[in-house]
Amino acid sequence: MDIIHITRPVRDEAGGGKGKYMDRIYLDHAATTRLSGKVLEGMIPYFTDCYGNPSSIHATGRDARKAVEQARRKVLAALHAGSTQEIYFTSGGTESDNWAIRGVAEAYRDKGKHIITSRIEHHAVLHTCQWLEKQGWEVTYLPVDAFGRVSPDDVRNAIRKDTVLVSIMMANNEIGTLEPIEEIAEIAHEHGALMHTDAVQAAGAVPIFVETSGADLLSLSAHKFEGPKGMGALYVRKGTRLARLLHGGEQERHMRAGTENVPGMVGLGLALEEATEHLEERRSHVLALRERLYHGICEQLDGVLLNGPLEDRLPGNLNLSFLGIEGESLLLLLDLEGIAASSGSACTAGSLDPSHVLMAIGRSREEAQASLRMTIGHENTEEEIDEVIRLLPGIVRNLRSMRG
Ligand SMILES: *Cc1c(COP(=O)(O)O)cnc(C)c1O
């Protein structure tokens, strides 16, 4: 039997801070988050006593069905959506993005074969669009400005009679830019196109009013807001046509067959409810920590570039380029100190290609490769941030001096 050895001994309860994983400082909340204790507690009965199949007629099945529908209502409430029929559960953000884009492309193929998206989308969107191009669709990849913003005017100029879908993310996962979704959706609708938004990073971090956002489709992922991994949701506005994703049983109103992941659905619902309930207090805490971290670092170091905007940015996101060094080396040395951050997105970490997002905002290859993303969560503390401020500048100076 394989045994996975954890690389550091688990600290005793008294020694570990609330935001600590063992004795590490976790600043990679855009990659994933720790499952909330309350959420875990709420999920457990659906692994144990309440194991019924929601499709079964008997009481055990009905209990599971009730839990699924209650979770759906929690998503509805958090998004301020109109009806539970607009909420589908999926296996995560990637599936939601794939389904939204492929599902609309297929359902509206008679209208046209043109899609508009941006150059800074998550790969779940970009690679789906590239796949559609191979199937005969045309895709426009809009540029962004120096802060990562998509210009509504660019959408207006790119949109055509045969445009079926505009897919622009609500918040960028690498540099935290919040996109002008409402304005873009309005333009899409004026021209008879649908609007999809990847709200995976936005959910739980900024308020979402899906009705007024103009989005016809919206993707969520539970593990980005302290829910379970492998669990997501797709909002589909009433009246929007969407091709079925999986064929088989009648689950998710015939749209996504397969026995439901009941504990996962319960977990997503609870996590989104909890994140929404505490959104404002957590947002101001996280924002204050980010300001402290940013200023603490800039006071001690020259040659630091902020990637992304100062305003209209996810509260927990800080993405910096430290000129003259490799972000990857900095990441590894921080890891040795027990500090978890990221260079570029987690999906591209380990590859030497500079981030497509940083290249799109006009950074040079060197500047892009000098980047470090630190994403703060509500469990992080001032003491942890101060520890990073104490350690990081010295590591950067050492790396710079080694380069001569
Ligand atoms: C993490 C992420 C995804 C993918 O979600 P998974 O649930 O991990 O598949 C998609 N889009 C964005 C913006 C993300 O940050």
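1. Start with Ala64, which lies in helix α2 (residues 59-79). Helices here are DSSP runs of H or I with at least four residues, strands are runs of E with at least two, and both are numbered from the N terminus. This is a predicted model: local features need pLDDT of at least 70, side-chain atom pairs count only at pLDDT 80 or more, and totals for chains, interfaces and linings use all residues. Residues are numbered from 1 along each chain as its sequence is written, and side-chain values use heavy atoms, with hydrogens and water left out.

2. Is Ala64 buried or exposed? Ala64 is buried, at a relative accessible area of 0%. Buried means under 20% relative accessible area, exposed means over 50%, and partly exposed is in between (1.4 Å probe, protein chains only). Setting aside neighbours within four places in sequence, Ala64 is in contact with Cys50, Gly52, Asn53, Pro54 and Val262. Contact means heavy atoms within 4.5 Å.

3. Beyond its neighbours within four places in sequence, Val68 is in contact with Pro54, Phe89, Val262 and Met265. Pro54 and Val262 are contacts of Ala64 as well. Val68 and Gly264 are 196 residues apart in sequence, but their C-alpha atoms are 9.3 Å apart in space.

4. Now the cysteines. How many disulfides does the structure hold? The structure holds 0 disulfides; a disulfide would be a pair of cysteine sulfur atoms within 2.5 Å. Cys50, one of the contacts of Ala64, is buried, with a relative accessible area of 14%. Cys298 has a relative accessible area of 29%, so Cys298 is partly exposed.

5. Turn to the ligand. Which residues come nearest to the ligand? Of the 13 residues around the ligand, the nearest are Thr94, Asp198, Gln201, Ser221 and Lys224. By class, the shell has 2 nonpolar, 8 polar and 3 charged residues. Ala, Val, Leu, Ile, Met, Phe, Trp, Tyr, Cys and Pro count as nonpolar, Asp, Glu, Lys and Arg as charged, and the others, Gly among them, as polar.

6. A polar side-chain atom of Asp198 lies 2.6 Å from a ligand nitrogen atom. Ser221 has a side-chain N or O atom 2.6 Å from an oxygen atom of the ligand. For His223, the distance from a side-chain N or O atom to a ligand oxygen atom is 2.9 Å. The protein covers 87% of the 380 Å² of accessible area that the ligand has on its own. Accessible areas come from the Shrake-Rupley method with a 1.4 Å probe; for residues, only the protein chains shown count as cover.

7. Asp216 sits in the loop between α7 (210-213) and β8 (217-221). At 5% relative accessibility, Asp216 is buried. Not counting residues up to four places away in sequence, Asp216 touches His189, Leu194, Met195, Tyr235, Val236, Arg237 and Thr240. Asp216 and Arg283 are 67 residues apart in sequence and 26 Å apart in space, C-alpha to C-alpha.

8. Ile181 belongs to helix α6 (residues 181-190). Ile181 is buried, with a relative accessible area of 5%. Neighbours within four places aside, Ile181 is in contact with Ile168, Met169, Met170, Met195, Thr197 and Ser213. Met195 is touched by Asp216 too.

9. Two backbone angles are worth checking. Most residues other than glycine have a negative phi. Glu252 is not a glycine, yet has a positive phi of about 45°. Glu252 lies in the loop between β9 (232-236) and α8 (262-277) and is buried, at 5% relative accessibility. Asp312, also not a glycine, has a positive phi of about 50°. Asp312 lies in the loop between β10 (304-306) and β11 (317-322). At 47% relative accessibility, Asp312 counts as partly exposed.

Terms used:
Near = heavy atom within 4 Å. Polar contact = N/O pair within 3.5 Å; in protein donor to acceptor, adjacent residues only side chain to side chain.
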